[in-house]
Amino acid sequence: MPNVSDILAHREKRALAALPPEATVRDALQLMADRNVGSVLIMQGDALLGIFTERDYARKLALKGLASADTLLANVMTSKLYVVSPRQTVQECMGIMSQARLRHLPVVEGGQVLGLVSIGDLVNAELAEQRFIIAQMESYIGGGIG
């Protein structure tokens, strides 16, 4: 059964999409566009303070008519965070996301942010696990020939 550390281990190593709370929403949108991601972690040094997502933009700025160039992330970030450990399973993470209606989960261990997993990451890991199980069953049924 795959876990979060498996997802992070198979991912291309690159810096987290993160900004300080005094950055603007425009900064976050540009970073998300540049990285082709749907969220940015809000961090002060190594401390995780919150997350800003496309959903936050739609609900907290666009609908209220606020300007992204003038709005600080500190004022619109989601600060009630759900985090997971690298040992948690894909199924556990999917349960958290479904229950809390989230699309992104920061991965934290010992107070250190190790990464971020998205619903897409979890679905892809689950599909890969199912393909592996199917291949094993086909091999078993076929007597290992083929």
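Modeller: Buried means under 20% relative accessible area, exposed means over 50%, and partly exposed is in between (1.4 Å probe, protein chains only). The model is predicted: local features need pLDDT of at least 70, side-chain atom pairs count only at pLDDT 80 or more, and totals for chains, interfaces and linings use all residues. Residues are numbered from 1 along each chain as its sequence is written, and side-chain values use heavy atoms, with hydrogens and water left out.

Biologist: Why is Thr24 called buried?

Modeller: Its relative accessibility is 15%. The cut-off is under 20%, so Thr24 qualifies. Thr24 sits in the loop between β1 (18-19) and α2 (25-35); helices (H or I, at least four residues) and strands (E, at least two) are DSSP runs, numbered from the N terminus.

Biologist: Which residues does Thr24 touch, beyond four places in sequence?

Modeller: Ser68, Ala69, Thr71, Leu72 and Leu73. Contact here means heavy atoms within 4.5 Å.

Biologist: What makes a group of residues a nonpolar core?

Modeller: Its members are buried Ala, Val, Leu, Ile, Met, Phe, Trp, Tyr and Cys residues, joined through side-chain atoms within 4.5 Å. The largest one has 14 residues, and Leu19, Val25, Ala28, Val40, Ile42, Phe52 and Leu73 have the most contacts inside it. Two or more residues come from each of α2, β2 (39-44) and α4 (73-76). The largest share, 4 residues, belongs to α2. Apart from this core lies another of 12 residues, including Val90, Val107, Val117 and Leu122.

Biologist: What does Leu73 contact, beyond its neighbours within four places?

Modeller: Among its contacts are Leu19, Val25, Ala28, Ile42 and Phe52. Thr24 is another.

Biologist: How do you know that β4 and β5 pair?

Modeller: Pairing needs at least two bridges found by DSSP. Strand β4 (residues 104-109) and β5 have 6, in the antiparallel sense, so they pair. Glu109 bridges to Gln112 in β5. The two strands form a hairpin with 2 residues between them, and Gly110 in the turn has a positive phi of about 60°.

Biologist: Why is β5 described as largely enclosed?

Modeller: Because 5 of its 7 residues (112-118) are buried.

Biologist: How long is α6 against its expected span?

Modeller: The expected span is 1.5 Å times one less than the number of residues. Helix α6 (residues 119-141) has 23 residues and reaches 33 Å between its first and last C-alpha, close to the expected 33 Å. Its buried residues are Leu122, Ala125 and Glu126. Their cover includes α1 (4-9), α5 (90-100) and β5. Gly143 follows α6, with a positive phi near 75°.

Biologist: What makes a set of grid points a pocket?

Modeller: On a 1 Å grid over the protein atoms alone, it is an open set where a 1.4 Å probe fits, with protein on both sides within 12 Å along at least five of seven lines. Lining residues have an atom within 4 Å of a point. The largest pocket has a volume of about 550 Å³, a volume being the space filled by probe spheres set on the points. Of its 24 lining residues, Arg11, Arg14, Leu16, Gly115 and Leu116 are closest to the centre. β5 gives the most to this lining, with 5 residues.
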